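Dear colleague,

I am handing over the structure we spoke about, and below it I have written out what was found in it. Please keep the structure open beside the text while you read.

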Amino acid sequence: MRRTVLERFPAGGPRGSWPAEEFARARQDEGLAAKVVMDLESDAFLVVVGQQTADAVC
């Protein structure tokens, strides 16, 4: 499975603020299977959607 990054948010946001989760929820409301993952190397939250590839084994 491939993932596409829709948006990236810094991990050091203001206390009590969840911009990545809010963005993902808005995309979910539009019908996308968006989720939030942490990129440890860049210290950022990524909102991603998965895509099936033609060479994926079921």
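**The helix and what lies around it**

In helix α1, which covers residues 19-29, the residues A20, A24 and R27 are buried. Seen down the axis of α1, these buried residues fall within an arc of 60°, so they line one face of the helix. On the face of α1 that is turned away from the buried side you will find the exposed residues E22 and D29. As for what covers the buried residues of α1, the cover includes β1, β2 and β3. Please bear in mind throughout that this is a predicted model.

**The chain as a whole**

The chain contains one helix and three strands, and, read from the N terminus on, its elements run β-α-β-β. Of its 58 residues, 19% count as buried, while the chain exposes about 4,600 Å², of which carbon and sulfur atoms supply 51%. If you take the contacts in the chain with a separation of 6 or more, residues 24 or more positions apart account for 57% of them.

**The sheet**

The three strands form an open sheet in the order β1-β3-β2, and the pairing is antiparallel. The edge strands are β1 (2-10) and β2 (34-39), each of which pairs on one side only, and the twist averages 35° from one strand to the next.

Strand β3, residues 44-51, is joined to β1 by eight bridges, and these two strands run antiparallel. Within this pairing, R2 has Q51 of β3 as its bridge partner, and T4 stands opposite V49 in β3. Six bridges join β2 to β3, and these strands also run antiparallel; here the bridge partner of A34 is V49 in β3.

β2 and β3 form a hairpin with four residues between them, and D43, which sits in the turn, has a positive phi of about 55°. A positive phi is also found at G31, which follows α1 and has a value near 100°.

**The nonpolar core**

Which residues make up the largest nonpolar core? There are six of them, namely F9, A20, A24, A34, V47 and V49, and the elements that give two or more residues to this core are α1 and β3.

**A residue in a loop**

Finally, please look at A11, which is found in the loop between β1 and α1. A11 and S42 are 31 residues apart in sequence, and their C-alpha atoms are 9.0 Å apart in space.

With best wishes

Note on methods:
Residues numbered from 1 in each chain as written. Predicted model: local features only at pLDDT ≥ 70, side-chain atom pairs only at ≥ 80, totals over all residues. Heavy atoms only, no water. Pairing = 2+ DSSP bridges. Axes fitted to C-alpha atoms, helices over the stretch in contact; angles between N-to-C directions. Buried < 20%, exposed > 50% of the residue type's maximum accessible area, 1.4 Å probe, protein only. Arc of directions from axis to C-beta. Contact = heavy atoms within 4.5 Å. Core = buried A, V, L, I, M, F, W, Y, C linked by side-chain atoms within 4.5 Å. Areas by Shrake-Rupley, 256 points an atom, 1.4 Å probe, with all protein chains shown as cover.
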